[in-house]
Structures are given as C-alpha cells and as structure tokens.
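The entries follow the order in which I looked things up.

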Amino acid sequence: MIDEFAVKSVAAVYGLAWVVTLAYIGILNAKMGRMERQLDEIAALMEHRAASDA
Amino acid sequence: MNGSHRARPDRATAAATAAALLMALALAMIFFYVPTDVSEGYSQRIFYFHVPIALTTYFLFTWGAVNGARFLLKRDMSLDLKSYVPMHLGVIFGSLTLVTGSIWANIAWGTWWFWGDTQLTTFLIIFLFNCAYFMLRFSIEPGERRATFSAVYAVLGVGLIPLSVIGVHVAQTNDLIHPITFNENGANMDGSMFLTFLVALAAMITLSVTMYLIELRGKRIDDRLRAIRRLAGGEA
C-alpha cells in the first residue's frame, strides 16, 4: 500500500519543478515583449528621422 | 545577402528537443520502471529529481566559474555574459534544490530543515555565497571592472564545491543522516535506480543547457537593441 502523504510529497516536488520551469518561460516571454516594444520605438524613431530628412 | 548562405542549426532548438525527450523518458522511468525503495518507500522517488537538480546547480556554478576564468585570461566581454548566465541559472536550480530537499526532509525526518546535517548546511552556504554574486555585480557600473570583479567572485565560489564534498564525507562518521548518493565504492543504489538517476541527470543538465542558450540569446539581442537605439538617437 502506498502512503498518501508520500505521494503528495512526490507530486509537490515534481509539480514545483514544472512550475519553476513554466515561470521561467513566462519571464522570458515578458522580456521578449519588452524587446518587441523597443523594436517598435526604434522603428518609430527611424520613421520620424526619415520624415524630417524628406 | 549571400544567396548560398545556409541556415545554421539552432542549438537552442536542438537542446530543447533533447531536453523534452530525456525529461519524458526520465518521468516514465521514475514512475513506471524503477522499483519502490524498500526502506524509504514511495517518497524515495523525490531523489530522482532532487539530486540531479542539486548536481546541475554545481554544474552551472562551475560553468560560470570556468567562463569567468576564461574572461580573466582573454578579456573578452562576451565571456562575462557567458559567466553571468550560468550563475543566474545556478541560483534558480539552487533554490529548487533547497525547496525539494525540504519537502523530502519533511517526510523522511519530520522536519523541513535540520541544521545538524553537514550536506544541507554546506549547500546553503554555497547557495548564499553565489546569491551574493548578484549583489556584487549590480553594485558596480557595467564595463570591464564589473566583469573582472564578477569573474573573480565566480572563480572563488566554485572552490567551495569540493570543500563541501570533502566536508560531507569527513563528517560521515559524526552526523550521517542525509543519504549519500556516491561513496568510495561508487553509486550507492542498484542498477535500475542508477540508470533512472543517470537519465534524470542527463535530462536536467540538458534542460539547463537549453535555458542557458535561450537566456544568452535574449541578453545578446537586448544588448544589440540598446546599441541600435543609441545609434538611432533614442535613449539607451
């Protein structure tokens, strides 16, 4: 017979590892969103500069 | 553009694929192949994730120190980033080691933490020493000085790992309550358990390599974006 407390502890360890991995992916996604916004700003700056030169 | 340019194999994608396959295999072996330990029971399965995570932490701190030492020799700023990223990931894996270890301790010893255990205490010292790396790094302006201080600190930190291993084995006679995975006779487990452990270790190290490659790429792109923004006349 398997001890229920042991099963819960094992599930907690394995679940936690996956939660940390998913949190890491979430943080990376947030960073990529910030880089995307920076790219948009650079594109806007370049467009503004091209319009000024014209 | 060069018309004959071939797309370079994406190392991060290859590593992520390998990590996913190894992780699936490791989980299948842990829950469907390896027998339940006679003395510890079902909770012993925590070992197949906890110990590989701890060893991956050591691997990452060592990797950060090696790249730190390479920076000190070559003065190549790209090596500073290659030293910083494993240190950062090492702290993530180190946190996970402490939490998963505490869950195991709660079921095996009936307490979340035991200060009398040499292995726990030395791991905590190594972890806290490497956490302080970030306090040092971010208290110095970016540049070669920061990279030099960070590299020296990373190299000093890795010296604690063998000291910890020696300390644990010296202390064995006094306070051995923490299971020892390896001793002077080799792996302290039977064949199927050792095989499962090796697959889980390979999965964890491959996962850390994947995270390293992705984080390194993100930081390089971020640096280039800042440089382009400066050139475009915006603020960095």
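**Entries on the chain contact**

I began with the charged pairs, and between chain B and chain A I counted two salt bridges. I note at once that I am working with a predicted model.

One of these salt bridges I looked up by residue: A:Arg34 pairs with B:Asp222, and their closest N and O atoms are 3.5 Å apart. Side chains of opposite charge can pair when their charged atoms come close. I then searched the whole structure, and over all chains the search gave seven salt bridges. A:Arg34 sits in helix α1 of chain A while B:Asp222 sits in helix α8 of chain B, so this pair joins two chains.

Next I looked for polar contacts between chain B and chain A, and found four residue pairs, with both residues at pLDDT 80 or more. On the side of chain B that touches chain A, the elements giving two or more residues are α1 (11–33), α2 (47–74), α3 (77–108) and α8 (191–232) of chain B. Of these, α8(B) gives the largest share, with 14 residues. When I sorted the residues of this side of chain B by kind, I had 22 nonpolar, six polar and six charged.

I then turned to the extent of the contact, where 34 residues of chain B are in contact with 26 residues of chain A. The area buried between the two chains is about 2600 Å², and carbon and sulfur atoms give 77% of this area.

For the largest cavity I noted a volume of about 100 Å³. It is lined by 13 residues, and those closest to its centre are A:Ala17, A:Thr21, B:Leu96, B:Met204 and B:Leu207.

I next asked which elements the lining of the largest cavity draws on, and at least two residues each come from α1 (4–53) of chain A and from α2, α3 and α8 of chain B. The largest share of this lining, four residues, is given by α1(A). My last entry concerns the kinds of residue in the lining of the largest cavity, which I sorted into 12 nonpolar, one polar and no charged.

How values were computed
Residues are numbered from 1 along each chain as its sequence is written. Chains are lettered from A and ligands numbered from 1 in the order in which they are written. This is a predicted model: local features need pLDDT of at least 70, side-chain atom pairs count only at pLDDT 80 or more; totals for chains, interfaces and linings use all residues. Side-chain values use heavy atoms; hydrogens and water are left out. Contact means heavy atoms within 4.5 Å. Buried area is the accessible area (1.4 Å probe) that two parts lose on being put together, summed over both. A salt bridge is a side-chain nitrogen of Lys or Arg within 4 Å of a carboxyl oxygen of Asp or Glu. A polar contact is a pair of N or O atoms within 3.5 Å; within protein, one must be able to donate a hydrogen and the other to accept it, and residues adjacent in sequence count only if both atoms are side-chain atoms. Ala, Val, Leu, Ile, Met, Phe, Trp, Tyr, Cys and Pro count as nonpolar, Asp, Glu, Lys and Arg as charged, and the others, Gly among them, as polar. On a 1 Å grid over the protein atoms alone, a cavity is a set of points where a 1.4 Å probe fits but cannot get out, and a pocket is an open set with protein on both sides within 12 Å along at least five of seven lines; lining residues have an atom within 4 Å of a point. Grid points are joined across faces, edges and corners, and a volume is the space filled by probe spheres set on the points.
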